Amino acid sequence: MSQATKAKFLESGPFHQDLKARVEQYLESSGRSARDLPGMYLKTAVILGWFGASYAWLVFGATNVWGVMAGCVSLGLAIAGIGFSVQHDANHGSYSSSRSVNRLLGWSLDVIGGSSYVWNWKHNIFHHSHTNVVGLDEDIDIQPLCRIAPGQRLHAAHRFQHLYIWVLYGLLSVKWHFIDDFKDLVTGRVGRQKMPRPSGRKLAGMLVGKALFYGWTLVVPILLHPLWQVALAYALTAFVLGLTLATVFQLAHCVEEAAFTEVPQHSHAFPHDWATHQIGSTVDFARGNRLVSWYLGGLNYQVEHHLFPRVCHLHYPALSRIVEDTCREHGVHYRVNTSVGAALKSHVRWLKRMGQPVIEVAV
């Protein structure tokens with residue numbers, strides 16, 4: 001472990017203790033389990049059905065360019081839906097109290113092109129532990145192509161990043177499918193942080209998942225359609241998927257309202273406790289939009305997810321009221337954008353700001 005990752009947060013204080021107590025009381029009084037909710041099983045069936053229907057239409061049914069394009073968009077959004085609502089809860093252990101159920105549904109990430117093993121280290125451990133910490137949170141590092149945080153190096157081209165970054169977002173899933181997981185496997189690192197290389201069943205699960213993904217994505221379609229058509233369909237589907245995944249993440253963490261932190265240089269502790277840090281570096285959005293909340297698996301309630309990642313996302317709307325009230329009573333700033341549009345505008349303004357040079361005023 002590097003010296004940077006040894007930096008600790010302050011001990012949990014009255015705010016975090018009070019918040020945990022209130023959430024526990026809510027779960028007890030609601031009569032609903034924190035996990036294994038019937039609504040999640042129904043939702044999973046709907047999303048997997050959407051995925052299956054989109055794939056069947058695209059491979060076996062579409063006969064013209066407009067039908068293919070519609071199938072690609074639908075399939076890309078359905079795959080993103082699996083990522084938002086199924087594998088995300090499962091790999092956090094918030095889908096079910098059964099480890100077997102969580103592992104099975106968590107492996108859906110491997111089938112749609114990622115690696116649940118690498119994702120666990122990159123997302124569950126590194127991102128959730130040090131959210132928006134420059135150098136420790138790989139999710140905010142697009143260097144040298146873009147500058148997302150104040151502690152990152154500025155290049156001249158970054159003044160245009162609010163225009164070209166959307167293309168990079170669209171390429172995210174292609175990079176993920178063919179490069180990132182294999183690179184992390186070989187190097188044993190996610191960004192600057194060390195990750196133990198998988199072996200045995202974990203390595204086999206990763207490789208089998210990749211094989212299945214390449215099979216249904218490329219091999220089966222190539223048996224039925226010309227290679228160039230399959231390549232174009234994959235490219236469009238992957239672009240829709242990458243743009244959707246990246247944008248949703250950025251709206252929760254890379255906006256004007258979110259705080260960015262650097263690793264302490266002259267002390268071994270961050271200035272806040274862990275819970276206060278999570279609230280400062282994370283922003284909710286579109287909390288009143290039920291369709292957005294359903295599709296995103298509650299990831300528009302990102303504050304609640306970071307504070308209680310092992311609670312099913314169907315509880316997040318109720319938890320948000322508890323978190324906001326507790327923050328108000330303890331003087332902690334709770335951040336939220338009222339709509340998707342407001343969050344997008346905030347993200348674009350932040351990109352513009354990060355693309356401009358810092359002007360130092362002489363005193």
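Predicted model: local features only at pLDDT ≥ 70, side-chain atom pairs only at ≥ 80, totals over all residues.

Reader: Which residue does a cis peptide bond join to Gln143?

Author: The bond in question has an omega of about 0°.

Reader: Is Asp36, whose relative accessibility is 31%, buried, partly exposed or exposed?

Author: Asp36 lies in the loop between α1 (14-30) and α2 (38-61), and its phi is near 60°, a positive value in a residue other than glycine. Buried means under 20% relative accessible area and exposed means over 50%. Because its relative accessibility is 31%, Asp36 counts as partly exposed.

Reader: Asn132 also has a phi near 60°; is Asn132 buried or exposed?

Author: Asn132 is found in the loop between α6 (116-129) and β2. Its phi is a positive value in a residue other than glycine. The relative accessible area of Asn132 is 0%, and therefore this residue is buried.

Reader: Which element gives the most to the lining of the largest pocket?

Author: The largest pocket holds about 1,200 Å³ of space and is lined by 45 residues. At least two residues of this lining come from each of α3 (65-92), α6, α7 and α9 (227-253). The element that gives the most, with 11 residues, is α7.

Reader: Which residues lie nearest the centre of the largest pocket?

Author: By class, the lining of the largest pocket divides into 22 nonpolar, 14 polar and 9 charged residues. Nearest the centre of that pocket lie Lys122, Asp139, Leu172, Asp180 and Ala246.

Reader: What is the volume of the second largest pocket?

Author: The second largest pocket is lined by 23 residues. Those nearest its centre are Asn91, Arg103, Ser116, Tyr117 and Lys202. The volume of this second largest pocket is about 800 Å³.

Reader: Which elements give two or more residues to the lining of the second largest pocket?

Author: The lining of the second largest pocket has 6 nonpolar, 11 polar and 6 charged residues. Two or more residues of that lining come from each of these elements: α3, α4 (99-106), α6 and α8 (200-224).

Key. Residues numbered from 1 in each chain as written. Heavy atoms only, no water. Helix = DSSP H or I, 4+ residues; strand = E, 2+ residues; numbered from the N terminus. Buried < 20%, exposed > 50% of the residue type's maximum accessible area, 1.4 Å probe, protein only. 1 Å grid on protein atoms, 1.4 Å probe; cavity = no way out; pocket = protein on both sides within 12 Å on 5 of 7 lines; lining within 4 Å. Points joined across faces, edges and corners; volume = space filled by probe spheres on them. Nonpolar A, V, L, I, M, F, W, Y, C, P; charged D, E, K, R; others polar.
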